Amino acid sequence: MRTQNYIEKMKNIQANLLTFIDNEDNVEENHQNLLKLFDDYKIRGDRYDLKSILHLLSKIVDNHYRCPNFFDKIFKILLNFKDQIKNYYTNSDIFDIFSNNKRIILFLIEEKMLTIDDQIANILTSKEYTNEFYQQYLYNELKPFLSEKVSQNISKLIPEDFEEKRKIGENDNYICELIRKDNIDEFITFSNKNSLYLNSKIESSLFETNSYLLENKATLIEYAAFFGSIQIFRYLNLNGVKLTHSLWTYAIHGRNPEMINYLEEKKVLPKESDYDICINEAIKCHHNEIVNYIHNNILNINYPSLSNELL
């Protein structure tokens, strides 16, 4: 019975978290409802429940679609538990929970909820993290731990608007900005003027904070799918860029129903024709409406609809 009560409690918290994060209407009301729920469940007084919520937040940050003001809303939630986070958990505990996202780590450092010590500095300067530009992104914070040579090399890469760009947390290449905004007219003008190879891959950026894009080097069309940029996506396809099975995963992250429908219309199948891959990715992203759609409309399985449930 206690286990079932805990599951129901976490389902309720997740549902309210996603309502607050996803909706641009009634933002303050949704925020207050969430805070009241935390108080009703006495989350501040339970280090174990709070840790579960922090892990849930971490997964949402790593995978969920970033709607407007996404990070601001995440920060609001974290600030609500600032004292408890500092009192309940060690520096290492906090880092372990949020280590996959540079933007959150930066916020935690600025709010003095996390301190870069020798142990964390060693991790952030390891090969795994170097490949994802942690040293560059957190250069100001890691500088005391870097050798003079490494520090000098990184400093050459730091632009004047470094602080602004790293807080935005997106790839700062101009073509990426156009794709994210789905600015089709400027995209066509830019690609024609610069003889852009439409099958090319996105150039890496030290300002990228999305873990999926850091782990997977996306093509232009995959990047468009990831951000639900349907106009540029269609343009690329109409101009010879092939539709591949990988686009399903990117489109699930992009959370645009029109993109999913386009892949269906063009009879693009997921890898190995396995929609379980898509379902698992949608669950990971907390995009439950896509799980429902695949079950009910593609697989035609009479499956109970998920409505912001903990999966």
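Predicted model: local features only at pLDDT ≥ 70, side-chain atom pairs only at ≥ 80, totals over all residues.
Residues are numbered from 1 along each chain as its sequence is written, and side-chain values use heavy atoms, without hydrogens and water.

**View 1. Helix α19 is mostly covered.** Helices here are DSSP runs (H or I, at least four residues), numbered from the N terminus. Nine of the nine residues of α19 are buried (under 20% relative accessible area, 1.4 Å probe, protein chains only). Among them are Ser-246, Tyr-250 and Gly-254.

**View 2. Helix α19 packs with helix α21.** Residues 246-254 form α19 and residues 275-285 form α21. Their axes (lines fitted to C-alpha atoms over the stretch in contact) lie 9 Å apart, at an angle of about 30 degrees. The two helices are therefore roughly parallel (angles under 35 degrees). Trp-248, Thr-249, Ile-252 and His-253 in α19 meet α21 residues including Tyr-275 and Glu-281. Contact means heavy atoms within 4.5 Å.

**View 3. The largest nonpolar core has 52 residues.** Such a core is a set of buried Ala, Val, Leu, Ile, Met, Phe, Trp, Tyr and Cys residues joined through side-chain atoms within 4.5 Å. Helix α3 (residues 47-63) gives the largest share, seven residues. Phe-38 and Leu-108 are among those with the most contacts inside the core.

**View 4. Another core, of 43 residues, lies apart from the largest one.** Its members include Ile-202, Phe-226, Phe-233 and Cys-285.

How values were computed:
Axes fitted to C-alpha atoms, helices over the stretch in contact; angles between N-to-C directions. Parallel < 35°, antiparallel > 145°, perpendicular 65-115°, else oblique. Buried < 20%, exposed > 50% of the residue type's maximum accessible area, 1.4 Å probe, protein only.
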